[in-house]
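I opened the model today to go through a few items and note what I found. The entries follow in the order I looked things up.

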Amino acid sequence: MAKTFKNFIGGAWVAPATGQHIENRNPADPADLIGRFPDSGRVDVEAAVRSARRGFEVWSRTPAPARGDVLRRVGDLLTARKDAIAAAATREMGKVLAETRGDVQEGIDTAYYAATEGRRLFGHTVPSELRSKWAMSYRRPIGIAGLITPFNFPLAIPTWKMFPALLCGNAVIIKPSEDVPHTTHLLVEILLEAGLPPEVVQLVHGRGATAGKALVEHPGVPVVSFTGSTATGSFIGETCGRMHKRLSLEMGGKNAMIVMDDADLDLALDGVLWGAFGTTGQRCTATSRLLLHRKVHDRFLRRLVEAANALRLGDGLDGKTDVGPLIHEAARQKVERYVRIGLEQGAELLCGGRRGTGARLGKGWFYRPTVFAGVKPSHRIAREEIFGPVLSVIRISGFEEAVRINNGVRYGLSSALYTRNVNLAFEGMQRLDNGITYINAPTIGAEAHLPFGGVKQTGNGHREGGWEVYDFYSETKVCYVDYSGTLQRAQIDNYRG
Ligand code: NAD
């Protein structure tokens, strides 16, 4: 019988107060029940906040280098268990093992980066405008961070949020996606094993509309970090705005790859296949628009369709699989809806456009890699996030048109430009309106030690990863020490006399 999992609240593994659970099933074969996870409610969130307050008292006074040491041990344990965690993540999320191993590696990199940040967390010391006066800033913890994560990176995204939040001295409450709860369970076990004081972390499983909403609305949670769809992010943004909470939003994308007529087409082909169909198109950075220069359009498209048709669908645990299933039936139905919309608006379906069938694929939520040509920038499949293996190809006449089309959507996460012209590459870096631009590489592939995030309706100005995320999870405090022994008035008694 499948195991019934618990929340981690108040320093112990506990059943949800609701008594309810959510089944977690393998998207490649829904008959495979991974476990039952808590369907928590407001009472569970209340208990988590009460405990996290105690955790914060202890952890915020622990020296940052010591906090970093815990995260170094977390990195070591993740390294030791990389394969086991990747297998668990593939089983509940669907993407192929090579990708979930990458997902865990991102967590390892994030842990080691955080460990060393414990010996930096720089403030500034600057000259005062007054004599015999010292002026400096330092960074201090904020309190309890409420973290809400999506399904597509079951390990990496929780670590992007938890590790910097913890390093900065905050207590954390994580509400992982109800579609991939097992991976976060394994991560919390590792945090505890690495020596994190138990009440510093709380794991509250459950649905967004109940557990997630209660966490966002709780007045005892001053910091919220959310990754997920733009629709959910808007909702969370309204609540946090009203309650004056610090909020980081990482949301949807509609990422374009531009292939110019001087591009290395072999390289671009590898790039677009990986960008569009890796993770079954379920990446915030997935390539969902291909802007193809008219001079290479027809021959590139022929090769693309041939290669997309050759991709092997299957269970991500099978080493021969290129493309796994979608996360659930609702996601597949959304893809089907958009394929119908594409056809109705006059785009030409070149491959895919149907479910995976047969004994091997019929059980799971499989959908064939799909390519539409003849797409206009105004078509809905060129503007809206589908979050599946669907690529919309738009014919372009030149760079200016490519920039206009790339920038003409409400999202702004990543873009890719394939060209051998160095001047054009630098133009692209400046003018493509995204948080990330890749030259001669696909729209996916962020590295853990660089800031990650998007502009426009993809984000709200904060970044995850790299050095910038540490600003989000810490409060800057400024201290002045006047050792002159006299009252010195700033702006009045300064050196100007
Ligand atoms: P989602 O918005 O459905 O859910 C994300 C999380 O929010 C889940 O944990 C869910 O339970 C929770 N949630 C839902 N409603 C809530 C509410 N009312 N209050 C509080 N929490 C709530 O997203 P998803 O389907 O899990 O993930 C796919 C989306 O995530 C895509 O739009 C994708 O582009 C985006 N994404 C963005 C990034 C990025 O960094 N920009 C990274 C990965 C995924």
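How much space lies in the largest pocket? I was working on a predicted model, and I noted about 820 Å³ for the largest pocket.

Entry on the lining of the largest pocket. I counted 37 lining residues, and Pro150, Phe151, Gly228, Ser229 and Thr232 lie nearest the centre. I then looked up which elements supply at least two residues each, and wrote down α7 (208–217), β11 (223–227), α8 (230–242) and α11 (329–344). The largest share comes from α7, with six residues. Sorted by class, this lining has 16 nonpolar, 13 polar and eight charged residues.

Entry on the second largest pocket. I noted a volume of about 400 Å³. The lining has 29 residues, and those closest to the centre are Glu106, Phe153, Arg283, Gly445 and Ala446. Here α4 (97–117), α5 (156–167) and β20 (436–439) each supply at least two residues. I put α4 down as giving the most, with six residues. The classes for this second lining are 13 nonpolar, seven polar and nine charged.

Entry on β11. Is β11 largely enclosed or open to the outside? Five of its five residues are buried, so the rest of the structure largely encloses β11. In a regular strand, side chains alternate between the two faces of the sheet. I checked the directions in β11: Val223, Ser225 and Thr227 point one way, Val224 and Phe226 point the other way, and all are buried.

Next I looked up the neighbours of β11. Strand β8 (residues 144–148) runs parallel to β11 and is joined to it by four bridges. On that side, Ala145 stands opposite Val223. Strand β12 (residues 246–250) also runs parallel to β11, with five bridges between them. The partner of Val223 in β12 is Arg246. I also noted that β11, α8 and β12 form a right-handed β-α-β unit.

Entry on cysteines. How many disulfides does the count give? I got zero disulfides. A disulfide needs two cysteine sulfur atoms within 2.5 Å. For Cys168, the closest cysteine sulfur is that of Cys479, 17 Å away, so the two are too far apart for a bond. Cys168 is buried, with a relative accessible area of 2%. Cys284 is buried as well, at 16% relative accessible area, and the cut-off for buried is under 20%.

How values were computed
Residues numbered from 1 in each chain as written. Predicted model: local features only at pLDDT ≥ 70, side-chain atom pairs only at ≥ 80, totals over all residues. Heavy atoms only, no water. Buried < 20%, exposed > 50% of the residue type's maximum accessible area, 1.4 Å probe, protein only. 1 Å grid on protein atoms, 1.4 Å probe; cavity = no way out; pocket = protein on both sides within 12 Å on 5 of 7 lines; lining within 4 Å. Points joined across faces, edges and corners; volume = space filled by probe spheres on them. Nonpolar A, V, L, I, M, F, W, Y, C, P; charged D, E, K, R; others polar. Pairing = 2+ DSSP bridges. Right-handed = clockwise from strand over helix to strand, strands pointing away.
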